[in-house]
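Visitor: Please pick a single part of this model and take a close look at it with me. I would also like to hear how the rest of the model is built around that part.

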Amino acid sequence: MNTADYRRTRRKNRRGVLVALIVALSAAFSLMAMPAMADEVNVDEYDNSIIGNVKLESVALEGVLLTISGGGYEVEVATDADGRWKVGVPDGDEFTVTLDENTLPEGIAVIDEVGDDDTPNVKEAMIGPSGSTVMNFFIGRGERNVTSFFDQFVERIVNGVNFGLMLGLAAIGISLVYGTTGLSNFAHAEMVTFGAVMALIVSVDLGWPVWIAIPLAVLLSAGFGWSLDAALWKPLRKKGVGIVQLMIVSIGLSLALRYTFQYFRGGGTEQLPGSDSPDIPLFGSVSLSQTNMISMVISIVVIVIFAWWLVKTKIGKATRAVSDNPSLAAASGIDVDQVVRVVWILAAAMAGLAGVLWAYFRPGIRWDMGAQILLLVFAAVTLGGLGTAFGALVGSIIVGVLVETSSLFIPSDLKYVGALGVLIIVLLFRPQGILGRKERIG
Amino acid sequence: MDILQILSNTGSSLIAPATIGYALAALGLAMHFGFTGLLNMGMAAFMAIGAYGYAISILTFGFPWWGGMLVGVGGSLVFALILGIPTLRLRGDYLAIVTIAAAEVVRLLFLTTTFDKYTGSADGLSGYHESFRAFNPIPDGTYGFGPWEYNANGWWVRIFGITILALAAFILWAVMRSPWGRVIKGIREDEDAVRALGKNVFSYKLQSLMLGGVFGAMGGIIYALPASVNPGVYVTSLTFFVYTALLLGGAATIFGPIIGSVIFWGVQTLLSNLLPAMVNVGLLPFMTTTQSQTVRFILVGVALMLLVIYRPQGILGNKKELTFVK
């Protein structure tokens, strides 16, 4: 799981009053004015260059370190007495410019001017056809960590619940499939990706509006689940293949599907329309983007409908009966095959929806996006108790909140470690999970 | 399309360090999965611990090469203990999920920038060859014929790797025909029956996990020996690929894992050379060269499914010997 591209939207409190913006001088102008004074690195070696000017209230900051990297190339540059810097870069169109905040004077920081950037001191520079680009940062007085701990904590919990609900959609599906068929389905990750990729194809490639694309993607996912069951899992069940074998088949299926996505969509990240919606402040410093709010509402509505279905309807009750004891359910006249078919359709549909929501949350669609959260989903399911639908939901929200809040205490590239570590520890003391029953661990 | 070059690359891959590394890891999995019935999905972590243990102890602490290998192997023993004590009481599929999670934890710990000083985070580690190459008894020069032509260092890595692999295969063969091995197979067939005989099943499983883990760690070291330690290698897919190699050869056999790894890498190298070449001469008009590199991974997945469904005992396995726990 690549945590770097897993960006959350978060708004920084601009309480440490922003008093100055960097003077946005045009690159050409500043160079014409004082060409020889800028601290220049590798300028003669490469044709392309990135230039910038670090100033606070039009006072130049000297000795600020910047790192420019991309495509295996990395170079460090310090600003001169006029706050200028310039680096030559090799061919390639994207570079990352990182301003080392520790080299700024005390009480000064890079300010996030948009409001949804965790690391305003890191920027992407695109080299245009002119071969040169300007990269400036907003520098202002303020604490480097501008949000109070409590506000951050609340914000993370809100985000965590959102992430958890999304995980829950995927986890309920895995749990239902496990409960009714005994299969730990590793290919569930690819059912998540399938939903997102279908939404992408319909909305971007075909250009249909999002409100048609997403329901259509969910429908296609449901169809995908049905056809997987009909073409693969049902024949294997009839053949009497053991559950461990089935699990390894699902691993093979997961690999095959994952690389099939890569085959057709390539290795890059693509965005669904509307993934850059504005933030809406809620209370305190907590804000959520519009898409995140909609996604939360959708998750809750779907989960509530699902819960009603599972508890109240006849087929829902039959599902629970099959989960409990398939032979007994079959003996009392329940059509187990039909229940399993419905479960596969539902699981795939919810996984597809989770994929669309995950695409907005990450944000972006990649061939291995489902695999990135598969272990978190498994952690959630195991925490809640394998085979229990509501346990999966509880586990998901715990995992979601844990992942989001843990980065307050541990480095953010280790936030999945916290969740997976808790999974292992819980299994030590309560192997059946929170809502599971003892006999399931065997 | 240069058929000779393609065949030469394929032939060369048959004894490549990566192949030997896979074979060792697959032997470890044969111990875990084939003989004991433990569904260890965390083999990538054992390999990572071996490779990082080796590289870090040389680069950071200045150990000689054999000291680095001992650290890697020792690390895998400790990991097996930490992993085994909480998880070995769990049933098959639970164990799979927990071991895969533990492997991911290990990978993220090696990948994080927090320990960049020791692990090199995303860049990995390299430049630890001096001590191992100083021990090379082969005089400088190029030896061999046809596809198998390497310099002294190339041969030293391969001969060392093949020696370790032969040793591991011998150890596995020897322990599996001992009384200890019979108890291990008994655990795979029926844990409760073995427990009823008064054996400490948990302790046997833990010993199996440790022995197989050592094989995995050595595999990781051999894999990293000629070049570098790259954190992108030790992903969960690595475990799945090693499983494919294992199931191809036969999970409950001694030579199956080795043959499986050789076939796995032979076919992988053949396809990775042949398919782009076929695209370039216009034989596969519907795909690009990039796509043709993805096809072989799709085929791994399909091969894994077909193997498990139609020939779960692998090429060398005996159908009567049950290789899948119920």
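This is a predicted model: local features need pLDDT of at least 70, side-chain atom pairs count only at pLDDT 80 or more; totals for chains, interfaces and linings use all residues.

Guide: Happy to! Two residues are in contact if their C-beta atoms, placed from the backbone, lie within 7 Å. Helices (H or I, at least four residues) and strands (E, at least two) are DSSP runs, numbered from the N terminus. Residues are numbered from 1 along each chain as its sequence is written, while chains are lettered from A and ligands numbered from 1 in the order in which they are written.

Let's look at helix α9 of chain B, residues 179–189. Its buried residues are B:Ile184, B:Ile187 and B:Arg188; buried means that 20 or more other C-beta atoms lie within 10 Å of the residue's own, exposed 12 or fewer, and partly exposed in between, with C-beta atoms placed from the backbone. Viewed down the axis of α9(B), these buried residues fall within an arc of 100° (taken over the directions from the helix axis to the C-beta atoms), so they line one face of the helix. Their cover includes α2 (17–35), α10 (191–196) and α11 (201–224) of chain B. On the face of α9(B) turned away from the buried side sit the exposed residues B:Pro179 and B:Arg182. Chain B has an average pLDDT of 91, with 98% of the residues scoring at least 70.

Now for the partner chain. Chain A has 12 helices and 14 strands, and buried residues make up 49% of its 442 residues. In chain A, 4 strands form an open antiparallel sheet in the order β6-β5-β8-β10, where strands pair if DSSP finds at least two bridges between them. At the edges, β6 (73–78) and β10 (122–126) of chain A each pair on one side only. Strand β8 (residues 94–99) of chain A joins β10(A) over 5 bridges, and A:Thr98 has A:Val122 as its bridge partner in β10(A).

Finally, the two chains meet: 37 residues of chain A are in contact with 41 residues of chain B. On chain A, the elements giving two or more residues to that side are α5 (243–265), α10 (369–384) and α12 (415–429). The most come from α5(A), with 15 residues. For the complex, the predictor gives an ipTM of 0.92 and a pTM of 0.81.

Definitions and conventions: pLDDT is the predictor's confidence in each residue, from 0 to 100.
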